[in-house]
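Dear colleague,

Please find the structure below, handed over for your records. My notes on what was found in it follow directly after.

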Amino acid sequence: MNKKKSTLLKISQTAIMAALCFVVFTFLQIKIPTPGGDASSLHLANAVCVLAALIIGGVYGGLAGAVGMGIADIVDPIYITVAPKTFVLKLCLGLITGFVAHRIAKINESTDKKYIFKWSTLAAAAGLGFNVIADPIASYFYKMIIMGQPQKMAEVLAKLSAATTFVNAIVSIVLVAFLYNALRPILIRSGFITKE
């Protein structure tokens, strides 16, 4: 496949995965109201971002998550103010997952199912582990400095964010480990997964 077609394929795949992130976050989430009219949520959109990074690479997967969930935040009056934070965190989530999966483990070059399962799970855990740590910290400073909330309120919201982010991460790691490895042979045959 020539460079131009390869780039066009990656952009198309990114758009599909961004749309999937948007749909999963917008329509398949459980909102948890928090003090001050804010909310946290249980959702599987991070799993879609991680899947995108495993399937199409860290940069494109991160962009899919950042764009999809960023737009989902923009169209939701509760989350609109945190869209910039979401964009940056989901881009990093994809980049870290992709780095571990494709640069360290080079999973697209392997045919060993156990190796691929192990490294796709570790890559998902690395990306989502980053999110578990970075999301509450970013939320705390974002709410206090950018949004001007009192420090105590920002602390309470960051703790709630940490709890939901942790639950989301555990569920997403398990889901991604099995879903990616089950879909991988089909995605390779269809040309959706290509060697980088």
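F141 counts as partly exposed, at 42% relative accessibility, whereas Y140 counts as buried at 15%; buried means under 20% relative accessible area, exposed over 50% and partly exposed in between, with a 1.4 Å probe and protein chains only. Please note that this is a predicted model, in which local features need pLDDT of at least 70 and side-chain atom pairs count only at pLDDT 80 or more, while totals for chains, interfaces and linings use all residues. Residues are numbered from 1 along each chain as its sequence is written, and side-chain values use heavy atoms, with hydrogens and water left out.

A search of the whole structure finds four aromatic pairs. Rings of Phe, Tyr and Trp (its six-membered ring) pair if their centres lie within 6.5 Å; planes under 30 degrees apart count as stacked, over 60 as edge-to-face and the rest as tilted. One of these pairs is formed by Y115 and W119, whose ring centres are 6.3 Å apart with planes at 50°, so this pair is tilted. Y115 and W119 are four residues apart in helix α5 (residues 113-146), which places about one helical turn between them. Helices here are DSSP runs (H or I, at least four residues), numbered from the N terminus. Y115 is partly exposed, with a relative accessible area of 28%. The rings of Y140 and F141 also pair: their centres are 5.0 Å apart and their planes stand at 75°, so the pair is edge-to-face.

Y140 is also in contact with A154 (contact means heavy atoms within 4.5 Å). A154 lies in helix α6 (residues 151-190) and is buried, with a relative accessible area of 1%. Leaving aside neighbours within four places in sequence, A154 also touches K143 and M144.

Helix α4 covers residues 83-104; its 22 residues should span 32 Å, and its end C-alpha atoms are 30 Å apart, which agrees. The expected span is 1.5 Å times one less than the number of residues. A bend of about 25° occurs in α4 at G98, taken as the angle between axes fitted to the seven residues ending there and the seven starting there. Buried residues of α4 include L89, L93, G98 and V100, and the buried residues of this helix pack against α2 (45-56), α3 (58-74) and α5. Just after α4, K106 takes a positive phi of about 50°.

Yours sincerely

Methods:
Helices (H or I, at least four residues) and strands (E, at least two) are DSSP runs, numbered from the N terminus.
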